[in-house]
Structures are given as C-alpha cells and as structure tokens.
Amino acid sequence: MNGFIKNNWWKLLGVAFILYSIIAGFLIEVPDLPIIRQSIRNLFFHVVMWFSMMVMFGTSLVRSLRYLSTFDIKHDVYAIQSINVGLFFGIMGIVTGMEWANFTWGTPWTNDPQLNGAAITILAYFAYLVLRRSIDEENKRARIAAVYNVFAFVMLIVFIGILPKLSDGSLHPGKGGSPMTVTNLDITMRLVFYPAIAGWIIVGYWLTGIRVKMDKIRQHLDNPE
Amino acid sequence: MLLTEIKYLVLKDVKLEFKQRYAINGILLYVVSTIFVSYLSFAKIIDSATWNSLFWIIMLFAAVNAVSKSFVQESTSRQLYYYTVASPQAIILSKMLYNFILMGVLSLLCLLVFTSLMGEFVVNYPLFISSLLLGSFGFASALTMIAAIASRTNNNFALMAILSFPVVMPLLLTLMKVSSAALSVGTMAGNIKYLVALLMLNIVVIALSYVLFPYLWRD
C-alpha cells in the first residue's frame, strides 16, 4: 500500500485536481460579464485543453530532438504517443470551443486567426501521423518523423504566436472587443483554473506513459523474440 | 567551400533543366491552363478579393507541383553520388536557391498571364511584386524541405500535399494580406511589418533546413 502511494501519488494528485476543477468549476461564484454570462465556466475546460495540448506537443518536440541527438528509439515512441495524447486534447479543445462560440458568438466556427491556427495545428499533426504510416522501416521512420515534427512545430509556433498579433480582429479575449483576459482573471477563478491545468497535464503524461507501455506490449506480441 | 559547392550544384540543376526542359515547360503549361480554366469558369471577376484568392491558390498549387520534383527526378544512385561529393547543407541550400529562381520566374509569368486574362486589379505594383518575390522565396524554401521529407517515403506525391499545406499556410495567409493591400490603397510603409514577418519566416525555414536536412538523406 505504501509503495503504491509512493509510486503513484502524482496520478492521484492529477485525478484529484481534475475532479476538483469540475466540481468547483460548476459551483463557485463567477463574475457575471456581458455576453459571456455563466459560460465563462467553460474557461476551466476549453482553455485548459489548449494548454495541455501545447504541453504535450512541446514534450513531443523535446523527445524528437533527443531522438535526433541519441538515435534511441525509446524517445521516438514517447514522441508519437505524446502527439496522440496532444491530438486528443486538441480535438476536445475544438469541441468545447465550438460549443462556447455557438453560445457567445452565435456560430460554432468563425474566420478567426486563433481558430484557423488551431485547425491548422491539428491538421499538421494528423499529417505527421500519415507520414509515419507511409514509412516501413523503423529507424528511418523515427528519423524522418522527428525531422518533420521539429519543422512543423517551429512553423506553427510562428503561426500561432506571431500572426494573430499582426492581424487585429480576433474575437478571442484580449485581442478584440471581448471584455475579459486571462491576466485579469478573478482571483477565485484562478484557484480553479491553475489546478485544472496542472491536473490535465499530469493526466496527459500518465496517458502517454500508458500508451508507451501498450506500444511495447504490442511490439512484443508481434515479434516475441 | 560551401558557396562553391552551392554554385556548382545550382548550375548543374539549371543546365539539367535547359537540357531536358520538361519541368519548366510542364509547370508553365500547368499554370496557363489552370488560369485559362478559371477564366472560362469565372467569365469575369469584378471583385479584387476573389482575384487575390484565386491568384494565390493557383500559385500555391503551381509551387507544390514545381517543387515536389526536386528530389525525385534524379535516380537514387546519382543522388548518392552527390552526397559523396558535396555536403548535405550545400545540397539543400542549392535546391532552395534553384527552386527560388524557378518560382520567381514562374510567379512573374503567372502574374502576366493572370492579369491579361482576369483583368488588372493591382494598384501598387512595387508592393505586389515584393510580396510575390518574398512569397516565391518562402514557397521555395519551405516546400523544398517538405519535398526532401516526402521523397523519403513510399508515397511521395500525395504526402507532399498533405505535409506542405499546414506548413505553408502561415506564409500564404500573410502573403494574401499584403497583396490584398496592394490591390487597394495599401502603401509600402503601411505593410512593412508583414514584409519583415515574411522575411523572418524565410530565415527561420532556411535555418531549420540547414540544421535538419543532414538527418534526412543518410540511410
């Protein structure tokens, strides 16, 4: 029992954070802002998904760079599984965002730099998955996928980080006419927002670990030698 | 050393092109027939936004088509020979330079044919041409790297499109913004931040390719 807690305390912490963010996210008092009203609670879910996605893709970038410097196939497995988990977060981010946009802007999809950036990021990583499928040999696949991963990540960071600043007209908070930004978040909201981010990132790492183990088992079953 | 290698490799590509002449002719025919098809289907464009989008979509597809041949038109054994005599950095930079020349010629010709068939909408030519040249430069460098990646797979042509569209999208959107300004009242000074952003994007792509390409070619 002691050993279990010792080895797995961080997983329990992640689950506790998420449960806390869901329960508190629906119960706490939130500022009643125009247009957004109570839908501000989606911040605890939607924004958190994007944070977690970027962390997972960032992890994958680091793994790809480490693969290119060591050629240890272990890093490649972590890179691809981080991307799988990151894509899950990304799709959830889009779904929760469309729900929110439908409520506040009246339409699930608008021509907004932030939305386009998100969609193209997801597309680029799906392209990464297709690229992997088209190369048979393991080491070659790992190397070429790592190169594309680094290339695409840097291009997309440029895209998401710089382009929205050049174009004025995003509907997202702090960029257009919307009233709220993350920097002037209400203090009680921060108490839910930060644990939610931490919780989802921890669970993201946990999921990656499980997927890596699954991958190892599957490879072992394919060729037991 | 690197510069001499690049010089000879670019000259080799140019000579090869003049000898075979199918790549440039093929791509020119592609551009002209695409423009002609749009001319027939649109009949008349009265709106500068449509003109601009159509122009850049044609440019994008022409660029993908032109650059995708970079690493597959020569046989594997001959490529192996190049790798023994030149450094990988020289190979990727020379391909980029060659594709830039190709794209520059192609984009100017595309502009000529497009304006003559679809009507003249460009107001500020210096701004439009500079966005065109920076665009050719950006397409050439980003797509050359993607072509190098795609050439290592079993399914080169389909993957070329899938891999390149997300990566060139930032470039394309910025280009469309600058050129749409050149179609109305935009000035050079008002759009200098976009031109600088394009230039920075190009520098980032070249730096990345310089670092990453050596990992691609060796087997």
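Predicted model: local features only at pLDDT ≥ 70, side-chain atom pairs only at ≥ 80, totals over all residues.

Biologist: Which residues touch the most other members of the largest nonpolar core?

Modeller: The general idea comes first. In soluble globular proteins, nonpolar side chains tend to be buried together. In this model the largest nonpolar core has 110 residues, and Y148(A), I146(B), I149(B) and L163(B) are the ones that touch the most other members. Helix α6(B) supplies the largest share of this core, 15 residues.

Biologist: Now the place where the chains meet. How many residues does the contact take from chain A and from chain B?

Modeller: An interface can be described in several ways. The size of an interface is often given as the accessible area lost when the parts come together. Here we can count residues instead: 24 from chain A and 25 from chain B. On the chain A side, the elements giving two or more residues are α4 (113-133) and α5 (138-166). The largest share of that side, 15 residues, belongs to α5(A). Sorted by class, the side of chain A that touches chain B has 21 nonpolar, 1 polar and 2 charged residues.

Biologist: What is the overall make-up of chain A?

Modeller: Start with the elements, then ask how they are joined. Chain A has 6 helices and 0 strands, so its pattern along the sequence reads α-α-α-α-α-α. Of its 225 residues, 36% count as buried. Among contacts in chain A with a separation of 6 or more, 75% are between residues 24 or more positions apart.

Biologist: At what angle do α3(A) and α4(A) pack?

Modeller: For a pair of helices, look at the angle, the spacing, the handedness and then the residues that meet. Helix α3 (residues 73-104) of chain A packs against α4(A) at about 145 degrees, and the axes are 10 Å apart. Their crossing is left-handed. From α3(A), residues I80(A), I83(A), L87(A), G90(A), G93(A) and I94(A) meet A118(A), T121(A), I122(A), Y125(A), Y128(A) and R132(A) of α4(A). That contact has 8 nonpolar, 3 polar and 1 charged residues.

Biologist: Are α3(B) and α6(B) parallel, antiparallel, perpendicular or oblique to each other?

Modeller: Again, take the angle before anything else. In chain B, α3 (residues 48-68) and α6 (residues 125-150) pack at about 50 degrees, with axes 9 Å apart. The two helices are therefore oblique to each other. The crossing of α3(B) past α6(B) is right-handed. A63(B), V64(B), V67(B) and S68(B) of α3(B) meet F139(B), A140(B), L143(B), T144(B) and A147(B) of α6(B). By class, this contact has 7 nonpolar, 2 polar and no charged residues.

Biologist: One last residue, please. Is T208(A) buried or exposed?

Modeller: Count the C-beta atoms around it; 20 or more within 10 Å means buried. T208(A), which lies in helix α6 (residues 187-222) of chain A, is buried because 24 other C-beta atoms are within 10 Å. Beyond its neighbours within four places in sequence, T208(A) is in contact with Y78(A), Q81(A), S82(A) and V85(A). T208(A) and V85(A) are 123 residues apart in sequence and 6.5 Å apart in space, C-alpha to C-alpha.

Technical notes: Residues numbered from 1 in each chain as written. Chains lettered and ligands numbered in written order. Axes fitted to C-alpha atoms, helices over the stretch in contact; angles between N-to-C directions. Helix = DSSP H or I, 4+ residues; strand = E, 2+ residues; numbered from the N terminus. Parallel < 35°, antiparallel > 145°, perpendicular 65-115°, else oblique. Left-handed = near helix turned anticlockwise from the far one by under 90°. Contact = placed C-beta atoms within 7 Å. Nonpolar A, V, L, I, M, F, W, Y, C, P; charged D, E, K, R; others polar. Core = buried A, V, L, I, M, F, W, Y, C linked by C-beta atoms within 7 Å. Buried ≥ 20, exposed ≤ 12 C-beta atoms within 10 Å, placed from the backbone.
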